[in-house]
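Here is a short briefing to read alongside the sequence and the 3D view. Take a look at the structure, and then we can walk through it topic by topic.

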Amino acid sequence: MSFLLKKLVLLIILHVTLSEGALLPYGKAHVRLTNLLGSGSSLTIHCQSKDDDLGVHVLVFKDSFEWSFKPKFFIPSTLFFCKLQWQSKVMSFDSYRETRDLQGCNKYCYWDVTPDGPCMLKHGGNRGYDFCYSWDNKKIVGIEQGHEQDMP
(Lines give C-alpha, C1' and ligand atoms only; values in the text may rest on other atoms or scores of the structure.)
Protein backbone atom coordinates (compact mmCIF):
# COMPACT_ATOMS: atom_id res chain seq x y z
CA MET A 1 0.00 0.00 0.00
CA SER A 2 1.45 3.36 -0.96
CA PHE A 3 2.24 6.00 1.65
CA LEU A 4 -0.45 8.34 0.28
CA LEU A 5 -3.12 5.62 0.42
CA LYS A 6 -2.16 4.71 4.01
CA LYS A 7 -2.39 8.36 4.99
CA LEU A 8 -5.83 8.67 3.37
CA VAL A 9 -7.12 5.57 5.20
CA LEU A 10 -5.77 6.92 8.50
CA LEU A 11 -7.49 10.28 7.92
CA ILE A 12 -10.80 8.56 7.14
CA ILE A 13 -10.58 6.45 10.30
CA LEU A 14 -9.70 9.51 12.38
CA HIS A 15 -12.61 11.47 10.89
CA VAL A 16 -15.11 8.69 11.62
CA THR A 17 -13.75 8.28 15.12
CA LEU A 18 -14.05 11.95 16.00
CA SER A 19 -17.34 12.68 14.25
CA GLU A 20 -19.38 9.56 15.00
CA GLY A 21 -17.70 8.07 18.04
CA ALA A 22 -18.13 4.67 16.36
CA LEU A 23 -14.56 3.54 16.81
CA LEU A 24 -14.07 5.01 20.26
CA PRO A 25 -13.99 2.50 23.08
CA TYR A 26 -16.95 4.21 24.76
CA GLY A 27 -18.85 6.05 21.97
CA LYS A 28 -21.71 8.13 23.32
CA ALA A 29 -22.27 8.46 27.03
CA HIS A 30 -25.78 8.35 28.51
CA VAL A 31 -26.73 9.98 31.81
CA ARG A 32 -30.08 9.44 33.49
CA LEU A 33 -31.52 10.82 36.73
CA THR A 34 -34.59 9.11 38.19
CA ASN A 35 -36.77 10.49 40.98
CA LEU A 36 -37.09 7.84 43.69
CA LEU A 37 -37.94 10.28 46.48
CA GLY A 38 -41.30 8.67 47.18
CA SER A 39 -44.88 8.88 46.03
CA GLY A 40 -46.08 12.48 45.69
CA SER A 41 -42.56 13.92 45.75
CA SER A 42 -41.37 16.08 42.87
CA LEU A 43 -37.73 16.80 42.08
CA THR A 44 -36.52 19.90 40.26
CA ILE A 45 -33.27 19.45 38.33
CA HIS A 46 -31.11 21.77 36.27
CA CYS A 47 -28.19 20.07 34.50
CA GLN A 48 -25.52 21.68 32.38
CA SER A 49 -21.95 21.60 31.17
CA LYS A 50 -19.65 24.42 30.18
CA ASP A 51 -21.15 24.31 26.69
CA ASP A 52 -24.68 22.93 27.10
CA ASP A 53 -27.53 24.02 29.38
CA LEU A 54 -30.10 21.21 29.46
CA GLY A 55 -32.74 23.38 31.13
CA VAL A 56 -34.89 23.01 34.23
CA HIS A 57 -37.01 19.87 34.56
CA VAL A 58 -39.50 18.81 37.21
CA LEU A 59 -39.67 15.04 37.70
CA VAL A 60 -42.56 13.34 39.46
CA PHE A 61 -41.96 10.12 41.39
CA LYS A 62 -40.36 7.43 39.16
CA ASP A 63 -39.95 9.89 36.26
CA SER A 64 -36.52 10.23 34.59
CA PHE A 65 -34.53 12.78 32.64
CA GLU A 66 -31.85 11.45 30.29
CA TRP A 67 -29.35 12.89 27.83
CA SER A 68 -26.53 11.61 25.62
CA PHE A 69 -23.32 13.17 24.37
CA LYS A 70 -19.91 12.31 23.00
CA PRO A 71 -17.15 12.61 25.61
CA LYS A 72 -13.89 14.16 24.49
CA PHE A 73 -11.43 11.60 23.16
CA PHE A 74 -7.96 13.07 23.42
CA ILE A 75 -8.43 15.22 26.53
CA PRO A 76 -10.87 13.62 29.03
CA SER A 77 -12.50 16.75 30.41
CA THR A 78 -16.27 16.41 29.83
CA LEU A 79 -18.21 17.52 32.90
CA PHE A 80 -21.96 17.77 33.49
CA PHE A 81 -23.24 18.98 36.84
CA CYS A 82 -26.76 19.15 38.17
CA LYS A 83 -28.51 21.28 40.75
CA LEU A 84 -31.22 19.33 42.57
CA GLN A 85 -34.03 20.74 44.66
CA TRP A 86 -36.40 18.68 46.76
CA GLN A 87 -38.55 20.26 49.44
CA SER A 88 -36.18 22.62 51.30
CA LYS A 89 -33.06 20.70 50.24
CA VAL A 90 -30.79 21.98 47.48
CA MET A 91 -27.49 20.55 46.27
CA SER A 92 -25.21 20.41 43.23
CA PHE A 93 -23.21 17.39 42.14
CA ASP A 94 -21.27 16.13 39.14
CA SER A 95 -23.63 13.85 37.23
CA TYR A 96 -20.89 13.02 34.71
CA ARG A 97 -17.18 13.64 35.20
CA GLU A 98 -15.19 11.98 32.43
CA THR A 99 -12.08 11.44 34.57
CA ARG A 100 -14.25 9.58 37.11
CA ASP A 101 -16.85 7.93 34.89
CA LEU A 102 -14.95 6.80 31.81
CA GLN A 103 -13.83 3.69 33.70
CA GLY A 104 -16.59 3.75 36.32
CA CYS A 105 -20.01 3.78 34.68
CA ASN A 106 -18.49 3.99 31.19
CA LYS A 107 -21.38 4.54 28.71
CA TYR A 108 -24.34 4.42 31.09
CA CYS A 109 -24.24 6.65 34.16
CA TYR A 110 -27.58 6.19 35.83
CA TRP A 111 -28.52 7.96 39.05
CA ASP A 112 -31.39 7.29 41.46
CA VAL A 113 -32.26 10.39 43.47
CA THR A 114 -33.33 9.02 46.85
CA PRO A 115 -34.32 10.60 50.18
CA ASP A 116 -30.66 10.11 51.21
CA GLY A 117 -29.28 11.82 48.06
CA PRO A 118 -28.36 10.97 44.46
CA CYS A 119 -26.82 7.49 44.10
CA MET A 120 -24.99 6.09 41.05
CA LEU A 121 -26.23 2.66 40.02
CA LYS A 122 -23.63 -0.09 39.88
CA HIS A 123 -22.18 -0.62 36.44
CA GLY A 124 -22.63 -3.88 34.55
CA GLY A 125 -26.15 -4.79 35.64
CA ASN A 126 -25.25 -5.46 39.29
CA ARG A 127 -27.79 -4.42 41.90
CA GLY A 128 -27.15 -1.57 44.30
CA TYR A 129 -25.13 1.63 44.12
CA ASP A 130 -21.46 2.39 43.61
CA PHE A 131 -21.69 5.54 45.74
CA CYS A 132 -24.11 8.19 46.95
CA TYR A 133 -23.99 11.91 47.62
CA SER A 134 -25.69 13.02 50.83
CA TRP A 135 -28.23 15.87 50.86
CA ASP A 136 -27.27 17.02 54.32
CA ASN A 137 -23.52 17.13 54.64
CA LYS A 138 -22.55 17.03 50.96
CA LYS A 139 -20.32 14.05 51.57
CA ILE A 140 -19.83 11.19 49.18
CA VAL A 141 -20.37 7.79 50.75
CA GLY A 142 -18.77 4.70 49.24
CA ILE A 143 -21.43 2.02 49.59
CA GLU A 144 -19.18 -0.98 49.06
CA GLN A 145 -16.18 0.43 50.87
CA GLY A 146 -18.18 2.02 53.68
CA HIS A 147 -16.02 5.14 53.77
CA GLU A 148 -16.75 8.85 53.60
CA GLN A 149 -14.79 11.65 52.01
CA ASP A 150 -15.41 15.27 51.07
CA MET A 151 -17.61 15.65 48.03
CA PRO A 152 -15.50 16.11 44.89
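How far apart are the sulfur atoms of Cys47 and Cys82, which form a disulfide? In this predicted model, they are 2.0 Å apart.

**Disulfides**

- Cys47 sits in strand S2 and Cys82 in strand S5, 35 residues apart, so this pair links distant parts of the chain.
- The torsion about the S-S bond of Cys47 and Cys82 is about 110 degrees, which means that the disulfide is right-handed; both cysteines are buried.
- Cys105 is joined to Cys109 by a disulfide with an S to S distance of 1.7 Å, and at 60 degrees about the S-S bond this link is right-handed.
- Cys105 counts as buried because its relative accessibility is 1%, and Cys109 counts as buried at 0%.
- Cys119 and Cys132 form a disulfide with 2.0 Å from S to S, right-handed with 110 degrees about the S-S bond.
- This pair also connects distant parts of the chain, with Cys119 in strand S8 (residues 117-121) and Cys132 in strand S9, 13 residues apart; Cys119 and Cys132 are both buried.
- With the bonded cysteines of the protein numbered in sequence order, the pairing reads 1-2, 3-4, 5-6.

**The four-stranded sheet**

- Four strands make an open sheet in the order S3-S2-S5-S6, and their pairing is antiparallel.
- S3 and S6 are the edge strands, each of them pairing on one side only.
- On average, neighbouring strands of this sheet are turned by 15 degrees against each other, with direction ignored.
- S5 and S6 run antiparallel and are joined by eight bridges; in S6, Val90 is the bridge partner of Gln85.

**The nonpolar core**

- The largest nonpolar core has 26 residues, of which Leu33, Leu43, Trp67 and Leu84 touch the most other members.
- Elements giving two or more residues to this core include strand S1 (29-35), strand S4 (64-69) and strand S7 (108-114).
- Strand S5 gives the most to this core, with four residues.
- Not counting residues up to four places away in sequence, the contacts of Leu43 include Leu37, Val58, Leu84, Val113 and Trp135.

**Arg100 and Asp94**

- Arg100 is found in helix H2 (residues 98-101), while Asp94 lies in strand S6.
- Arg100 is buried because its relative accessible area, 18%, falls under 20%; Asp94 is buried too, with a relative accessible area of 15%.
- A polar atom of the Arg100 side chain lies 2.9 Å from the backbone oxygen of Asp94.
- The side chain of Asp94 makes a polar contact of 3.0 Å with the side chain of Arg97.
- Leaving aside neighbours within four places in sequence, Arg100 is in contact with Asp94, Ser95, Trp111, Met120, Phe131 and Tyr133.

**A loop residue: Val60**

- Val60 lies in the loop between strand S3 (53-59) and S4.
- Not counting residues up to four places away in sequence, Val60 touches Asn35 and Ser41.

How values were computed:
Residues numbered from 1 in each chain as written. Predicted model: local features only at pLDDT ≥ 70, side-chain atom pairs only at ≥ 80, totals over all residues. Heavy atoms only, no water. Buried < 20%, exposed > 50% of the residue type's maximum accessible area, 1.4 Å probe, protein only. Polar contact = N/O pair within 3.5 Å; in protein donor to acceptor, adjacent residues only side chain to side chain. Contact = heavy atoms within 4.5 Å. Core = buried A, V, L, I, M, F, W, Y, C linked by side-chain atoms within 4.5 Å. Pairing = 2+ DSSP bridges. Axes fitted to C-alpha atoms, helices over the stretch in contact; angles between N-to-C directions. Disulfide = S-S within 2.5 Å.
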